[in-house]
Amino acid sequence: MSAGGGTRAILAALGANAGIALAKFIGYLVTGSSSMLAEAVHSVADTANQGLLLLGGRTARRRANPEHPFGYGRDRYFYSFVVALLLFTLGSVFAIYEGIHKLEEPEPLTSPLVAVIILLVAVCLEGYSFRTAMRESTPLKGDLTWWQFIRQAKVPELPVVLLEDTGALVGLVFALAGVGLTVLTGDPVWDAVGTLCIGTLLGVIAIILIVEMKSLLIGEGAAAPLLSTIVRELEAGVAVERVIHIKTLYLGPEELMVAAKLGFTSGLPVDAVAAAIDEAEARVRGAVPEARVIYLEPDLDRSRVAS
């Protein structure tokens, strides 16, 4: 569900952003608005980002091989990280540069009504993309707040699209405000101010994404509730006295590796230990389907033996 939902959200954003980018560039050529140009470049960056997310989803499906024995699941994290960098460089830095340039050399707008109409249409299209991303994210979010979902989600595409669409909608409001105030006051400085606000907003969103994707690339383990479930299932067997220690690591958004040392009852024959390990693996996979790679090491519980 997460992979399919992510793809639907990406495709909705891709179609919306491609059309919006074209319309904004036309609007910029007609009006000369720097806010419109910043928004056009922002939409180009978003369109490229959706393409990168689709590419990451495709390359992550490659089969494991001797060089990459755990597969390519983290490709989705890598391309999401590239998306964050692209949003920062192509979106934020360009908008801030353009805003400063227009502050130094203000230029009057021509046909501002065209800019307003294009921006309002863009709000509708971005709203559709944002609604799709929210609808696909809701089943995965559960009881978490939206901010908690963005911070804790192991599926990178949906948080990326949600933040991009949020930034796009707020950026459009800034662009409308910049154009509107320029028309009302006759001072093109407001258009430059709107452009700077867009650049700052994109920079904040890009930094949030960079931090989150970096954490996933380095390697995150299972959250505390999920880890508790895994430990409970491992200790449910009669032969297992306790989990001595355990480590988990996400190999990809939907593939969790579990490595644990289990304290077994002393005196068990090898066949019984092997059977108990197989049963423990089956219990964990039944309770946590994403736990696809499991390594269990049998040992004696030294603390109990000593006592």
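How do the axes of helix α4 and helix α6 cross, and within what distance do they come? In this predicted model, the axes of α4 (residues 112-141) and α6 (residues 157-185) come within 9 Å and cross at roughly 160°. An angle over 145 degrees counts as roughly antiparallel, and α4 and α6 are therefore roughly antiparallel to each other. The handedness of this α4 and α6 crossing is left-handed, and the residues that make up the contact of α4 with α6 divide into 21 nonpolar, four polar and three charged.

Two residues of α4 can be described individually. L120, which is found in helix α4, is partly exposed, with a relative accessible area of 46%, and its C-alpha atom is separated by 9.2 Å from that of V173, a residue 53 positions apart from L120 along the chain. L140 also has its place in helix α4 and, at 30% relative accessibility, counts as partly exposed. Between L140 and G56 there are 84 residues of sequence separation, and the C-alpha to C-alpha distance of this pair is 20 Å.

**Helix pairs**

Two packed helices are described by the angle between their axes and the distance between the axes. The table sets out these values for the helix pairs of this report.

| Helix pair | Axes come within | Crossing angle |
|---|---|---|
| α4 (residues 112-141) and α6 (residues 157-185) | 9 Å | roughly 160° |
| α2 (residues 34-59) and α3 (residues 75-104) | 9 Å | roughly 170° |
| α8 (residues 224-234) and α9 (residues 270-287) | 8 Å | roughly 150° |

For α2 and α3, the axes cross at roughly 170°, and that makes α2 roughly antiparallel to α3. By class, the contact of α2 with α3 is made up of 16 nonpolar, seven polar and five charged residues.

For α8 and α9, the axes come within 8 Å, and the crossing of these helices is right-handed. On the α8 side the contact involves T229, I230, E233 and L234, which meet A280, R283, V284 and A287 in α9; by class, the residues of this contact of α8 with α9 divide into five nonpolar, one polar and two charged.

**The nonpolar core and buried positions**

In soluble globular proteins, nonpolar side chains tend to be buried together. Here the largest nonpolar core has 62 residues, and those with the most contacts inside it are L234, L262, F264 and L296. When neighbours within four places in sequence are left aside, L296 is in contact with L234, A260, L262, I277, A280 and E281. L234 and A280, both among these partners of L296, also take part in the meeting of α8 with α9.

L256 lies in strand β2 (residues 255-264) and is buried, with a relative accessible area of 0%. Leaving aside neighbours within four places in sequence, the residues in contact with L256 are A222, L226, I230, T248, L249, Y250, E290, A291, R292 and V293. L256 and V288 are 32 residues apart in sequence, and their C-alpha atoms are 9.0 Å apart in space.

G203 lies in helix α7 (residues 189-218) and is buried, with a relative accessible area of 7%. Not counting residues up to four places away in sequence, G203 touches F88 and S92, and although G203 and S92 are 111 residues apart along the chain, their C-alpha atoms are separated by 5.0 Å.

Conventions: Residues are numbered from 1 along each chain as its sequence is written. This is a predicted model: local features need pLDDT of at least 70, side-chain atom pairs count only at pLDDT 80 or more; totals for chains, interfaces and linings use all residues. Side-chain values use heavy atoms; hydrogens and water are left out. A nonpolar core is a set of buried Ala, Val, Leu, Ile, Met, Phe, Trp, Tyr and Cys residues joined through side-chain atoms within 4.5 Å. Buried means under 20% relative accessible area, exposed over 50%, partly exposed in between (1.4 Å probe, protein chains only). Contact means heavy atoms within 4.5 Å. Axes are lines fitted to C-alpha atoms, for helices over the stretch in contact, and angles run from 0 to 180 degrees between N-to-C directions. Helices (H or I, at least four residues) and strands (E, at least two) are DSSP runs, numbered from the N terminus. Angles under 35 degrees count as roughly parallel, over 145 as roughly antiparallel, 65 to 115 as roughly perpendicular and the rest as oblique. A crossing is left-handed if the near helix is turned anticlockwise from the far one by less than a right angle, and right-handed if clockwise. Ala, Val, Leu, Ile, Met, Phe, Trp, Tyr, Cys and Pro count as nonpolar, Asp, Glu, Lys and Arg as charged, and the others, Gly among them, as polar.
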